[in-house]
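Me: I have a model open on my screen and would like to learn how to read it. Could you take me through it step by step?

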There are 2 protein chains.
Amino acid sequence: VPTPFLESLESLESLVTPALVVDVAVLDRNLAAMAQHAAAGGVALRPHAKTHKCLQVAARQLSLGAAGLSVATVGEAEVLADGGIDDLFIAYPVWADAGRAGRLRALCERVRLTVGVDSPAGAAALGRAVAGAGSPPEVLVEVDCGQHRSGVGPGAVAGVARVADDAGLRVTGVFSFPGHAYRPGAPPGAAADEARALGEAASVLTDAGFEPAVRSGGSTPTARHTGAGVTELRPGVYAFNDAQQVWLGTCGIDDVALCALATVVSAPAPDRVILDAGSKILGADHPDWAPGHGIVPALNGALVTSLSEHHAVVPLPDGARRPEVGERLTVVPTHVCNAVNLVDELAAVQDGDVLDVWPVAARGANR
Amino acid sequence: VPTPFLESLESLESLVTPALVVDVAVLDRNLAAMAQHAAAGGVALRPHAKTHKCLQVAARQLSLGAAGLSVATVGEAEVLADGGIDDLFIAYPVWADAGRAGRLRALCERVRLTVGVDSPAGAAALGRAVAGAGSPPEVLVEVDCGQHRSGVGPGAVAGVARVADDAGLRVTGVFSFPGHAYRPGAPPGAAADEARALGEAASVLTDAGFEPAVRSGGSTPTARHTGAGVTELRPGVYAFNDAQQVWLGTCGIDDVALCALATVVSAPAPDRVILDAGSKILGADHPDWAPGHGIVPALNGALVTSLSEHHAVVPLPDGARRPEVGERLTVVPTHVCNAVNLVDELAAVQDGDVLDVWPVAARGANR
């Protein structure tokens, strides 16, 4: 199943493999479709920057009407703020210790900052950290809607909110991440779980005297199933898509905007080839239900069945031609967020040419 | 099971989490033990630098008698050569295309370079690439000893070697990687497979008129089972060890020299805590047989049961105390090579203090 992207491989000869390459036309189509979906549903779109970590993609998302960006770490927020983005939500239960307090205060001075909390201790620490900031951050309380990762049950949000309020923070709503959607068949139910949990949590906050205007949720697989009452969506992967989304049914292979450009380095048996795109460029993500470690569209959708740091083992499916050693192919990573975080730059391809090189500005910004 | 490393946590308050931290005393013990093992067996040790990507560790390995370093990419070789290391083996079937030819020639001029090949096409391309270099690289032919990744069967090495020879390269032996050792119970058998395959391949080369002085193999799990006839070992992980090696029985938890320093950011239920060490610092490696995504030694050896990009979910084992939000803990990554490749620096801890910061000089050097 060749994509427009894959047809331009010859023009990518200037790149040394393995490299991550973005098809800008597919990217722009993905960004526009999600922006239209959010607008049609009357919800704000706050894309998660953890997927691309890239100012060029963030700028495109904002120009299509995004309310701001979501990030996972203080470090990611700093990189986007340095890039001129002025409305950021750290969608994570930030622990505001000595290594983060001054940085959070500095962010408050230059952007509209919203921070996640999910514990009384975390809320109190955040309040202490930003005390004295001219414009303290807004706070959203994290709700567990079924993934059982971070976040409290809807009934427990008021206790966290009161501590945040006492600490001088302004509680403006609740947020959730429906991570249990990442399993085939699960997205619609997970979206419903999330809408229900956010609604219950918002009611609890209202009853406790707060005004929870924001009910922020969503992910790429649940976005199309957005439930009633959700006011903001935070999908990330949709910008590029990846093999996991193809396998979940969230997108088609033609909607994948980022691939690893790889070289066949070995063809030691008639029925398999080895590519130089290993886990140090694709990422090692492999959900227990996933059929492979990546997809090679040009070989009849062949799967990467085994992944080492610098080797992808690709058995040839029935009817697929056998590529030669030295031939270039593209591989769709299983989870694009971890792939992007492995490289310093993305090659942006448009109309068959390398248009630009986009720095992965927030690569490694884990802190 | 607290390790010496873990007892020094209080002194690491200056670090922002998540961070990768090296216990230098454990590292040095691991390096010395492998050096002694190789010396006692009369085999050369050529540690694989892909694990640490770090000049400080490479220097320690060389000072303990290593013959040189192994690397996986031309880029890694360049970083080590820049650091003054003068004997390097690219243990990979390098495809010497336009983006690598000049770089390989430059490496030939400044180090004793050995390069892997496993196909006639790859050998011919390498010969063309380095034609005219003052001192062409030595070549080892890769043999598949049971992993069925790259490498040819022992009977096919002569065909590859002849093309290399015709292309002006000097074939000095064979190499293999016993990757099928990475499964509980498998290391002794995989080591035997490798010794047999290298021996057969060397005989084939000898019969074809070559002098295969080098039979290079080995990995961390097979190193202690080194088979007769192997002349060189290339383990990488042994420097730091990791959870995978603990689960394979290659080492004990006290032999782990590298951990992620993490913070408890959420404790939303009595039976689990959430740490800020996710797949963007631990790596997402998770072999199908592995019991978890990492180990938390200080919580009775609790396992990370679920890993997101910035969250590790840790159910508390029976009898483990419940840590508070804000508390710091260490996590042993499943596969240390991919963890190290995610960060720009390692904090080197000795006698309870951060002694130094070691740049991960070859991070991201995939090409």
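Me: How much area do chain A and chain B bury between them?

Reply: The size of an interface is often given as the accessible area lost when the parts come together. Here chain A and chain B bury about 4,600 Å², with 49% of it on carbon and sulfur atoms; buried area is the accessible area (1.4 Å probe) that two parts lose on being put together, summed over both. One note before we go on: this is a predicted model, in which local features need pLDDT of at least 70 and side-chain atom pairs count only at pLDDT 80 or more, while totals for chains, interfaces and linings use all residues. Residues are numbered from 1 along each chain as its sequence is written, chains are lettered from A and ligands numbered from 1 in the order in which they are written, and side-chain values use heavy atoms, with hydrogens and water left out.

Me: How many residues of chain A are in contact with chain B, and how many salt bridges cross the interface?

Reply: In chain A, 58 residues are in contact with 58 residues of chain B, contact meaning heavy atoms within 4.5 Å. The rule finds 8 salt bridges across the interface, each a side-chain nitrogen of Lys or Arg within 4 Å of a carboxyl oxygen of Asp or Glu. D97(B) forms a salt bridge with R328(A), where the closest N and O atoms are 3.6 Å apart.

Me: In what order do the strands of the open sheet in chain A run?

Reply: Strands (E, at least two residues) and helices (H or I, at least four) are DSSP runs numbered from the N terminus, and two strands pair if DSSP finds at least two bridges between them. The order in chain A is 2-9-8-7-6-5-4-3, with parallel pairing. Strand 2 (44-45) and strand 3 (69-71) of chain A are at the edges with a single partner strand each, so one side of each has no neighbour in the sheet. Further in, strand 5 (residues 112-117) and strand 6 (residues 138-143) of chain A pair over 4 bridges, and T114(A) stands opposite E138(A).

Me: At what angle do helix 4 and helix 5 of chain A pack?

Reply: Angles run from 0 to 180 degrees between N-to-C directions, and axes are lines fitted to C-alpha atoms, for helices over the stretch in contact. Helix 4 (residues 74-82) and helix 5 (residues 98-110) of chain A pack at about 35°, their axes 11 Å apart. Residues making this contact include A77(A) and A81(A) of helix 4 and L104(A) and L107(A) of helix 5.
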